[in-house]
Every structure is written in C-alpha cells, then in structure tokens.
Amino acid sequence: MPNTSPDPLLGTALLALAVWSGCSADSRPSNTADASATPASGTAGSLMASGGATASGGATASGGTTASGGTTAVATAPVGGPVGYSTLVVDDVFGATRAGANITATTELDPATPYGVHGTGWDTWQRGWSPANTHATAVMRADHLELDPTNDKTIPGFIVSHFEMLPIATMSYYLEVRATTGRGAYGNGANTWPAIWLYAGNESTANDQESEIDIMETYADEVFGTSADADGLHTQYFTTTIHASPNHATTGGPFTNLTGAVDITTSANVYGCELTLVGGKVHWQIYFNGAVVRTATSDIAWTSSAPAILIGWNPGPSPYTPAVFQLEWVRVWSR
C-alpha cells in the first residue's frame, strides 16, 4: 500500500523510493476487493488461526535451529502450502527463551554477515531509505520479536533479511512467516500499517527497486469489502499488491484476502508466498495458515535485484491498540 505522507526530512532518499513499500506517494488504497485474481481454493471460514490449517499435507511447524541462509534437508515442514519443498534454506526463530530459537537478543540484529542467496541475519534499516544511524524499534520478548511503530516518521519500523530470493529456471522458493500483525491505520494522520513484503534489500549492488510483492498489508480503518467488528475496525482480512517496472507501477491488486472469523491483528497466523519462474517471469501464490488464498493471473517481469524479505511497519503512529507486530519465525524452503 502507498504511503501518502512522505516526510520532507527523508529528502532525495524518500523521493527515490517514494514510500517504504515503494508505491507512488500520491496513490491511495482502492478500498475495494479486486476480483481479477484467482480466489482462495476454500472458504475463508475454513482458515484457522495460529497457523492451524493444513494444506497439501504440511505439518505444523514448531521451532527450528538452523540459522538463516543455510541449506539443510528439511527438518521442519511447512505449515501447508505447495508440495515438494525438501530443502530448508532459512530457519530463523525469534525469542529470548523460546525453544529452538536461534535469534534470542536484539544485539544479534544488524550482523556483519553476507547478503544474497546465502545471506544470513536481519537488518533494522533499509539502504536508500532509512536516514543514517536510525533503526527500527525492536524488543526481544520471551517467544517473539516485537516491532513497534514510532511517532517519528523518519524511523523505520521493520527488519530486512540478508537472504535474497529470486526463482530461477531450476529453483523455486516457498516462504512462511508466523506473526501477529497488530493494528495500524491508513487515515486520520496515522499512515502506518503492518506488512510483509519482498523488495530490494541492503546488498551493496542492489539496483532498480521497481519490482515488489506486498504479501500482506492490513489496515484497521480500511474496508476492502470486509465487515467491521464491534469496535468498528476491519481486522479479518489482508491485501496483496504487485508492483513492477516502469515507475514501480501497481500492476496487480490490491487483492483482498478474507480470513473468515480470524482477527489477524490479535492472533498469530502463518503467511506464505511461493515464487516460481514461468516463461521467464515470476509467478506467485499467497497462502494463509497453509491454504492458498491468492494466485497470480499475471506474472511479474522482475527487473530489480533479487528481493529481500521485509517485515514490520510503515513508520508513523497508530491510533489503535494493540499496535505491535509480533514476529515468531521466518522460514524459506527451496526445490
């Protein structure tokens, strides 16, 4: 989703990206469901909270020990999603005392480790966007990493993986992220929302920054074809949006993915994204708790560098509570 409140303090860096998600600074969510993509294969009401749904025979993940960027025979199966993924290449579990966690303190963020297909670790800043020496507000809790939006719109509210994933003719990727999103808003001067997206990261030769997949974005004050809860908030959906060259244009969506009775802002759920190469273009599918909810009808002519995984908030204050993003784990498989 676009950020319509660019901060002049970001100067040319913000102009280059226009927004944290890279959308044009004068665009706005359509606030309506887009039916042009293939809908979920099952009813939204069948999707379970806390990653409990099983699709394609996946088993519920329970924790891992392999640091990101490694290549191991699969020991932790996907919650669901596509079949045939046998190699776990990223297995990052967050929590100070969580069983199997390999990232247990915020001092382990921003490591001096490689970037790229063998990249390991996470940054709390984004090259070309974050002002110098500003970092996301991150707090390590017992069983998750907490990411908080801030009142200062120049401070990032997200983390960026060193690992980068772009499918090639002989390799596909499947990503899963287990998280509780928290509640953000688009309007009322807030302009901050939780998201998971794929975009150019901090690798020194990263270029173009035209292509992007917004896997999950949600706004408690935006309708997108959903019904409000008792408090007047919209918490049972997320959107998926595609951007591509030229000019980082919105070429798909925003597509509304309904989550049935599941309030994603207060419950932990698993968000998945599969990337495969079809006819030289990137084909994508989006999953929620193991079940497919969105399939591309138009593939992406990816022109940017291989994307990193970005997780957290668009900077700015949220008028709603809870306004915390709770990240439990990130896993990527290849085949």
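Predicted model: local features only at pLDDT ≥ 70, side-chain atom pairs only at ≥ 80, totals over all residues.

Biologist: Why is the pair of Phe94 and Trp122 called edge-to-face?

Modeller: The ring centres of Phe94 and Trp122 are 6.3 Å apart, and a pair requires centres within 6.5 Å. Their planes stand at 65°, and the label edge-to-face applies over 60 degrees. The pair is therefore edge-to-face.

Biologist: What makes Phe94 and Trp122 a tie between parts of the chain?

Modeller: Phe94 lies in the loop between β2 and β3, whereas Trp122 lies in strand β3, so the pair ties together parts 28 residues apart in sequence.

Biologist: How do you know whether Trp122 is buried or exposed?

Modeller: Its relative accessibility is 2%, and buried means under 20%; Trp122 therefore counts as buried. Phe94, at 0%, is buried as well.

Biologist: Why is the pair of Phe238 and Phe288 called tilted?

Modeller: The planes of Phe238 and Phe288 are at 40°. Stacked pairs need under 30 degrees and edge-to-face pairs over 60, so this pair is tilted. Phe238 is in strand β10 and Phe288 in strand β13, 50 residues apart.

Biologist: How do you know that Glu210 has no salt bridge?

Modeller: The nearest side chain of opposite charge, Arg127, is 14 Å away, while a salt bridge requires atoms within 4 Å. Glu210 is therefore buried without a salt bridge. A polar atom of the Glu210 side chain does lie 3.0 Å from the backbone nitrogen of Asn247.

Definitions and conventions
Residues numbered from 1 in each chain as written. Heavy atoms only, no water. Buried < 20%, exposed > 50% of the residue type's maximum accessible area, 1.4 Å probe, protein only. Lys, Arg positive; Asp, Glu negative; His and termini not counted. Polar contact = N/O pair within 3.5 Å; in protein donor to acceptor, adjacent residues only side chain to side chain. Phe/Tyr/Trp six-rings, centres within 6.5 Å; stacked < 30°, edge-to-face > 60°. Helix = DSSP H or I, 4+ residues; strand = E, 2+ residues; numbered from the N terminus.
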